[in-house]
Amino acid sequence: MSTDRLAGETPPGQEAAPGTAEARTPDDAAGPEGAQAPEGAAAPEGAAAPGEDATGREEGAETAGAEAAEAGAEAAASASGAEAAAETEAAAGVSASGAETAAPASGPAAGSPGAAKANPPSGSAKATADALAAAVRAVESGERSAASFFNDAPRPARPAAPAAQQAKAAPQGGPQAGPTGPGPEVTRQRTAQESGGPARPDGPEGGASGPAAAAPAATGPAPAPRPAVRALPGVDGVRQVLAAGGAPETLAEQTAEVLGERAAEALSEDPWLLLGVPGVRPEQADGFARALLGPACGPGDERRTQALVGWLLEQAALAGHSALEAAALRAALAQRSVPDPDDALQAAIADGAVLVFQDAIDEPGGRARPATGDDEDEEQPVRVLLGLDRFAMAEESVADGLARLLNTFETVAEPAQDTAPAAADDAEAEAEREAAGETTGDGDVQVTEGDAAGESPAAEAPATAAPAPDAPTDHDSAPRPARPSAAAWEAVAAAAPSSSAAELIRAAAHSGLVAHTGAEAARAEPAALIAAARSLGLRAFGATHTENGRRRLASHLTDSAPDATAPDSPDPTTAAVTVSGLLSGREGPGRDTDGALALDLLVVLDAPQLDLETAALLVESLTDGTRLVLSGDPGVLWSAGPGRLFADLLAARFCPQVASRTPDFGPIGELVSGIGIGELNQVEAPGKEVVIVPVRDAGEAVHRTVQLVADSVPRAFGVPAEHTQVITVGHGGAAGTRALNAALKERLNPGPGRFGGFDPGDRVAYAPAPGRTVPGTVTGADAAGLHLDCDGSAVVVPREQVGTGSVRHGWALTAHQAAGARWPAAVVVLPGDATGGLTRAWVYTAFSRGERHLSVVQGADQALARAVAEVPVKERTTRLRSLLQQSVQSGEEPTAAD
């Protein structure tokens, strides 16, 4: 079956594909489309699933985040608010009696002979884990109420601790079972009192402490002594350890990159660290561990359970979740043969490998219930969430940054009520200058020392304090930015091309953060805002998700600038940038001396495509007082990475929202608008703008798709094959991107594939980072790598990246890869085995990619209409909405007290 994500992998609703991948099929396990992995790496000997490839994050790894969410659905539904509350407070270090658990004095920790780890955890860590279990038992037995745990003051958050076992010989800075990329840079970490979490358990970060009795025996059997293999230094040593465990030596470079300089030694001590290498599956890591340690390393080995917890949360992030419910994670661990999932979670929490949060459960109306004085004795419904540090920091950084932009915004200046005569003003100014000794008795200007030009500082000050409205806007280095008055904003709003554009301009004039929603035609409204702000002297820019979107924005900016064709007028298209180009400094205004982006207004289009970590970097790059407008179509797929920033922002009602009233015209616009409200309507298409092509099976679907791209669309509409984009549900299957690209290459650009499977002229999709897909064309190859032409820019992909799947053929893409871009013609392929991956958001995104023509190769029968009507999105577990609502409630508390 060819689906973006199989039914049952994620909760019904939003397609959550990592890295631009929403796709996952039986022969194409899910992973980020942007971080693609080798398709031929073999599984290590002894692995439980030897037929599976040891591939990268794009494919070869089952989406365990979705798996965990589904596996724990029943348990999560039955978990009471009382148990959740007790688990949260106990995890934060609160004992069953409600008092904080004191850290015991340090001392030698005596582990039992059968302990799974070389050294037992610290006494305070085990005390925390025991307190967690005791608190849950107290609530379940009725001895204490869950509300009593919330009366205790939370402990302040500790600095980030490494998510590693204390006995592992992991290198400094080397991740153990997580991604290699750094988390977002933030200027400040919030404490537990400020944010409600995360609170880390106490205990020393290195070494064991506490009485020996504080460390109970591990549940797993003792590992057998590992073979006496003296590892060589560097990658050679990693290759040697991999070979000893029967794993492919081709993983050596990836493993060394993930684990750092002492990778070989760390891998010898803890074979399950291999699970941190992208694409390696638990069955493969288990086989590798058995080969190194012998049969004594059982499923309860604490090193294994720690690695599995991190792996499951990483896979959840690939499915779009920034956290998982504790019940779902326990159920997923049980499915992986962990004998005691509760103990595994307690150990992970105690070691700081995961963070614990309590998230308020929404009322039926959709808003979190605010805390009041009357609710002090009433049990608050909450759910316990577990997450990784970097996603927690990113989510809180976004919430803090958005609140900062709102709170530091300065209202626009009202027009001055100047009723005094001009003569009086002149006399007052003259008196001030005389008092300062800057004039002679005759009223002449007194030239002070150093003023060679004969102008007084007072005469120069007004020019600096009040820049002209037509001051340059690009790379403006003026110390004080322009501050247009309310009248100036109203004047440009009145001249806006539409009522929706005028409403957006007025909202941006009076708020530091605005959310704007609308479809493709509504993109003209943010362009009108940018043009209006630049006419007022503000440094205004618009950022898009793709280069294709940047070109469309530039076209709207040209239309919005009335004097764009004048010889001396600045080029309005310079205000259009991509998000990646803006953050890297390749595009846009650059950064000021403090490292912030040198702009006054930023409009981010394609806001639904912003993942948490990118959004955190972007918001932290904006200085206080900057206006931020997030604009996008709420009907399209969410980001390829974790989170649902735009949807959470809209649901929290955190800032002013402007909904466009500009519809998308034409048959395609009418069809897509109906899909957005759950209706799949037949539309009149006299010019064959929309064509439905029924097929019986996947083989016929591939045949008709090639026929449409190569013959029918070019002949009927004059759109060449290189401007027609094929979109399908997943990479695998008989009608997935692989099968379609192979057939299209054979017809449109046949060749032997002598450059790693590619030939000059091949259309490709290059993923420079997870979540980003850059279309291009192969121009050649040499020792440096594969040469591409990506929208006019020359790109060289290193040979090793070509081998790991960073480049795919691009005649056919998935909907997540196509999000943020549009083509003159689109062919959407819906084979019968793809119905499990269909949602309203997927259909909306795929059908709206064509500008002039849309062909639908329909093999899904009635499943298409059911998906549009009944499956809006695949839901994601996130914390941003509750964080934003908490920020609003905390801001309202002083007013209520007054």
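Student: Is aspartate 340 buried, exposed or partly exposed in this predicted model?

Tutor: Buried means under 20% relative accessible area, exposed over 50%, and partly exposed in between, with a 1.4 Å probe and protein chains only. Aspartate 340 has a relative accessible area of 31%, so it is partly exposed. A word on the model: it is predicted, so local features need pLDDT of at least 70 and side-chain atom pairs pLDDT 80 or more, while totals for chains, interfaces and linings use all residues. Residues are numbered from 1 along each chain as its sequence is written, and side-chain values use heavy atoms, leaving out hydrogens and water.

Student: Where does aspartate 340 sit?

Tutor: Helices are DSSP runs (H or I, at least four residues), numbered from the N terminus. Aspartate 340 lies in the loop between helix 12 (326–335) and helix 13 (341–350).

Student: Which backbone nitrogen does the side chain of aspartate 340 reach?

Tutor: That of aspartate 343, at 3.2 Å. A polar contact is a pair of N or O atoms within 3.5 Å; within protein, one must be able to donate a hydrogen and the other to accept it, and residues adjacent in sequence count only if both atoms are side-chain atoms.

Student: How are two packed helices described?

Tutor: By the angle between their axes and the distance between the axes. Axes are lines fitted to C-alpha atoms, for helices over the stretch in contact, and angles run from 0 to 180 degrees between N-to-C directions. Angles under 35 degrees count as roughly parallel, over 145 as roughly antiparallel, 65 to 115 as roughly perpendicular and the rest as oblique. Take helix 18 (residues 499–510) and helix 19 (residues 524–535): they pack at about 50 degrees, axes 9 Å apart. Helix 18 is therefore oblique to helix 19.

Student: At what angle do helix 7 and helix 10 cross?

Tutor: Helix 7 (residues 234–244) and helix 10 (residues 282–293) cross at roughly 90 degrees, and their axes come within 8 Å. So helix 7 is roughly perpendicular to helix 10. Contact means heavy atoms within 4.5 Å, and here Val241, Leu242 and Ala244 in helix 7 meet Phe288, Ala291 and Leu292 in helix 10.

Student: What about helix 24 and helix 29?

Tutor: The axes of helix 24 (residues 666–676) and helix 29 (residues 840–847) come within 9 Å and cross at roughly 165 degrees. That makes helix 24 roughly antiparallel to helix 29. Among the contact residues are Leu671 of helix 24 and Tyr844 of helix 29.

Technical notes:
Helix = DSSP H or I, 4+ residues; strand = E, 2+ residues; numbered from the N terminus.
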